[in-house]
Amino acid sequence: MADESFTDGTRVPSDDNNPCRKTEGVDLISSLPDSILQHILSFIPTKLAIRTSLLSKRWRHVWCDIPSLSLDDQTTTSITLNRYTSLKIMNFHLNSTMNQNIPHINKWVEFAISRNVENLSLDFWNPSSSYKFVIPDFFYVNSSVKQLTITLSFTDLMIPACSLSWTSLKKLYLCNCNLSDESMAKILSGSPLLESLTLYFCNELRVLDLSKSLRLRTLKINRNIWVSGPTHIVAPHIYRLRLRNSQLPCTFVDLSSLAEARLDICIGPITRTFKADFLQDMVLKMLEKLQNVEKFTFGGNFLQIISLAEVRGVPFPMFKVKDLTLETVIFQYVIPGIERLLQNSPDLKKLTIRARDTNTIEKEYINNYLKLQGLDPDQCCRSKDGVVFNKFRWYLESKHATSFVELVLKNTKTLKLEKIVILLNERYLRFKFEELVVPTLSHNNFSIALLNMPMPSDDD
């Protein structure tokens, strides 16, 4: 019979791994060192961490030294600022709905900066609010922040007349900001250590000139039909680019050091116009600038635009890509573009096809455009061997999947590929995975798999 022990009148097994076991009248969690408890509390909103002070005397002051603070409009300011004792804040997140002028917001920001915060996040997103937050001048001079996130409600990110100085900043994320070229230039000149820049829906920015940012290696830009900026990108030192473009102009001026690129086009279901000729011209000019990129990821809409250019006989550049990822559902409107990309990539070593539904261009737009060009959509969207594929992205039959595998193998048989991976999404299949007939393989490192849940993005 196993040994048993009695603690506080409660009979529990003596197993050391039993979470209910108590030692000298104190539960195991409470007996942990303050540093571990504070690390745990840093993962929950600060207002909840403060409530742990009511548990017992042991917990009364534990939260006061947690390395991370996450505050919102409901957090009691006086309690938080007066009782917090840590001299160093690693992470500070402030989320405000900005329904009115909240006077203590500046006090919170100043408090975080005074404690040498390293990761600072300010989220003031509320498009229905009439009050617009103005970032105070003291915010623009700082030597401790290494990672900064600012989310506004399409208000101006006003840079003061005095010089900006973020001497330790390495990662900057700006979202829903109105940002002029002059303000962006001040940010860049005052951030000499900047390594990563993310611009999500930053309006008014026209020319993004990163030529003087010698340490900047990663650039991420997300645009939509309402956000025009930036229209020109000068980034000779950038190594990684993630661009989700729109039907608005965007020109690559200099991306001479680029090694990795992830490209797609945002065309939402509410879009009433489809600028097919403009998009083809813009995409092909982009590809001309990216011929030396070694790692590519193309989204579904981007592939559909490439396919339009291919069926019209537009010349394509040759690529030096070694690692190619295509994120798209399998249907006829991406087949011509995929064939052309494979044929124009003689150095390809790894091919990954991820069946993610990033295709949002309505097929009626594609069909109407092709008909205006005197082309039959069903004829010109076949493979070069005349194989017919499914018209609807959510209706992939086993014969279509088999034909697609054959198409990939045929267009890569002359290449020295080291790995081919095709990931199908169960959501779009109209057959059982076991029914899939895989053709005889000439590649030793070929694999095909089925995912029965939404496929995550590997966007890092």
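1. Arg354 belongs to strand E21, and Arg354 is buried, with a relative accessible area of 10%; here buried means under 20% relative accessible area, exposed means over 50%, and partly exposed lies in between, as found with a 1.4 Å probe and protein chains only.

2. This is a predicted model, in which local features need pLDDT of at least 70 and side-chain atom pairs count only at pLDDT 80 or more, while totals for chains, interfaces and linings use all residues. Residues are numbered from 1 along each chain as its sequence is written, and side-chain values use heavy atoms, with hydrogens and water left out.

3. As to the overall make-up, the protein has 11 helices and 23 strands, where helices (H or I, at least four residues) and strands (E, at least two) are DSSP runs, numbered from the N terminus. Of the 460 residues in the protein, 51% are buried. Among contacts between residues at least 6 apart in sequence, 65% join residues at least 24 apart, a contact being heavy atoms within 4.5 Å.

4. Helix H6 (residues 276-289) packs against H7 at an angle of about 100°, and their axes are 9 Å apart; axes are lines fitted to C-alpha atoms, for helices over the stretch in contact, and angles run from 0 to 180 degrees between N-to-C directions. That makes H6 roughly perpendicular to H7, given that 65 to 115 degrees counts as roughly perpendicular, under 35 as roughly parallel, over 145 as roughly antiparallel and the rest as oblique. The residues of this contact divide into 11 nonpolar, one polar and no charged, with Ala, Val, Leu, Ile, Met, Phe, Trp, Tyr, Cys and Pro counted as nonpolar, Asp, Glu, Lys and Arg as charged, and the others, Gly among them, as polar. On the H6 side they are Ala276, Leu279, Gln280, Val283, Leu284, Met286 and Leu287, which meet Phe302, Ile305, Ile306, Leu308 and Ala309 in H7.

5. Helix H7 (residues 300-311) also has a partner in helix H9 (residues 363-372), for the two axes come within 12 Å and cross at roughly 15°. H7 and H9 are therefore roughly parallel to each other. The contact is made by Gln304, Leu308 and Val311 of H7 together with Ile366, Tyr369 and Leu370 of H9, and these residues divide into five nonpolar, one polar and no charged.

6. Helix H8 (residues 335-343) is largely enclosed by the rest of the structure, because eight of its nine residues are buried. The buried residues of H8 are Ile335, Pro336, Gly337, Ile338, Glu339, Arg340, Leu341 and Leu342. What covers them includes strand E19 (295-299), H7, strand E20 (323-327), strand E21 (350-354), helix H10 (377-380) and helix H11 (398-412).

7. Two asparagines deserve a look at the backbone. Phi of Asn116 is near 55°, a positive value in a residue other than glycine; Asn116 is found in the loop between helix H4 (104-114) and strand E7 (119-123), and Asn116 is partly exposed, with a relative accessible area of 38%. Phi of Asn176 is likewise positive, near 55°, but Asn176 is found in strand E11 (residues 171-178) and counts as buried at 7% relative accessibility.

8. Leu152 lies in strand E9 (residues 147-156) and, at 2% relative accessibility, counts as buried.

9. Two loop residues may be read together. Ile238, in the loop between strand E15 (232-234) and strand E16 (240-245), is buried, with a relative accessible area of 2%, and, not counting residues up to four places away in sequence, Ile238 touches Leu210, Leu216, Arg217, Thr218, Leu219, Ser257 and Leu258. Ser42, in the loop between helix H1 (34-41) and helix H2 (46-51), counts as buried at 17% relative accessibility, and, leaving aside neighbours within four places in sequence, Ser42 is in contact with Pro67 and Ser68.
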